[in-house]
Amino acid sequence: ISVAPNPQSLLMFTSATLLGKKVLAVNCQSSQTIQFILPDTFERYEPTPTLSSDLLSYNGKWGSAFYMRPRQTVGGEDDRIQLTYDEARGFGINDLFFMGDDDETLVTASFITSGIFSYQFKNFANVSNLVWDYINFRNGRVVNNVFYPGTGEYGFRGLAGDQDNNIFLSSRGDNQVYKIPAGTLATSKATDLRNTTGYPFDDRRHMLTTTPDFDLTPTDTDFPRLSALVSDCPKELLPSTTYTCHVITNPTGNNAGTKTAADRVWVLGMGSNKVYRLVVTGTTATMTSSGSDVTLNKAQNLVWYPFSPTNTNPSLDLLYIANTIGNTIEVVRAETLAHVTTINTVNP
């Protein structure tokens, strides 16, 4: 199946718009589009453009079109959007999350700039976007006569969601995790097609206040370099299976209550060679990092695996973590971050 250049991620969802058909969304980073495929027939889904749709034709094939036009959220002035033309149109989009709302909204984050986009499959419309500008955290800053080096990096390297449609993002620019509350991306376009909230200079809106901080020595140049993340309350473990999330009241025993909002998030540090567990409460989080028994080497991705079918005993849940150097997969207990085993992918 031919798609636009540089496909980065795949996501399968069930579309009410297409009367229950499965749709495979393909994020194509270089062409700045999401392409849609009907997996049952191996055909591309080609919507019919209308005057109100945001669609882009690439080599005669239609996909999503993104753009960022600043809203005017304060004083009638344009919101801050310090992006290039291509960045504001989705260059660098990577991970995908499907909200499953009435508009069948897909959310994607940019790998190269601190912006996220939402795209309504039902209406083929890029309705609501968010963008940050962390220039001092990238370039360095002075606070109380102390210099804090900049990361020199950009973009969101991890994206995950929960059943309440809260969005979690790991930011490489300032090495923090952000929680975008459900409904933030539901804001409609303005009548003049303004669709993007740009936060003020160095405004870290929606950042989780995390204790302790990921970077315990912020005056040096050894950065955590946060990357992929997962939550403990995903929409689906399979495209057709809604997962029941359980409240963790006893980390080592049975838990009877259920929930729809994630309160556990795990994120990788490619620079620190650690995996971090966040216990999330509202806009704050308590962080625990893996110890010396867990050997990570530029870990690029991870999967959360609820060991028991009902997830009533989270002490059994696992993380599978892929090391890009060393050709291994580390298996770790999700709740304690204790090492379980190492799988060698070259010489099993």
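Student: With which residues is Leu319 in contact, leaving aside its neighbours within four places in sequence?

Tutor: This is a predicted model, in which local features need pLDDT of at least 70 and side-chain atom pairs count only at pLDDT 80 or more, while totals for chains, interfaces and linings use all residues. Residues are numbered from 1 along each chain as its sequence is written, and side-chain values use heavy atoms, with hydrogens and water left out. Contact means heavy atoms within 4.5 Å. On that basis, the partners of Leu319 are Val230, Trp266, Val275, Leu302, Val303, Trp304, Glu330, Val331, Val332, Ala334 and Leu337.

Student: Which residues have the most contacts inside the largest nonpolar core?

Tutor: A nonpolar core is a set of buried Ala, Val, Leu, Ile, Met, Phe, Trp, Tyr and Cys residues joined through side-chain atoms within 4.5 Å. Buried means under 20% relative accessible area, exposed over 50%, and partly exposed in between, with a 1.4 Å probe and protein chains only. The largest such core has 33 residues, and those with the most contacts inside it are Leu278, Leu302, Leu319 and Ile321.

Student: Why is strand β23 described as largely enclosed by the rest of the structure?

Tutor: One side of β23 carries Arg264, Trp266 and Leu268 and the other Val265, Val267 and Gly269, all of them buried. Strand β23 (residues 264–269) is therefore largely enclosed, the number of its buried residues being six of the six.

Student: Which residue of β24 stands opposite Arg264?

Tutor: β23 and β24 run antiparallel and are joined by six bridges. Their hairpin has four residues between the strands, and Asn273 takes a positive phi near 55 degrees there. Opposite Arg264 stands Val279.

Student: Which residue in the turn between β27 and β28 has a positive phi?

Tutor: β27 (residues 318–323) pairs in the antiparallel sense with β26 (residues 299–305) over six bridges, with Asn301 opposite Ala322. β27 also pairs in the antiparallel sense with β28 (residues 328–333), again over six bridges, and Leu318 has Arg333 as its bridge partner. The hairpin of β27 and β28 has four residues between the strands, and the turn residue with a positive phi, of about 110 degrees, is Gly326.

Student: Which two cysteines form the disulfide, and what is its handedness?

Tutor: A disulfide is a pair of cysteine sulfur atoms within 2.5 Å, and a search of the whole structure finds one. Cys233 and Cys245 form it, with their sulfur atoms 2.1 Å apart; Cys233 is in the loop between β18 and β19 (236–238) and Cys245 in strand β21 (residues 245–246), 12 residues apart. Both Cys233 and Cys245 are buried. The torsion about the S-S bond of Cys233 and Cys245 is about 100 degrees, so the disulfide is right-handed.

Definitions and conventions
Helices (H or I, at least four residues) and strands (E, at least two) are DSSP runs, numbered from the N terminus. Two strands pair if DSSP finds at least two bridges between them.
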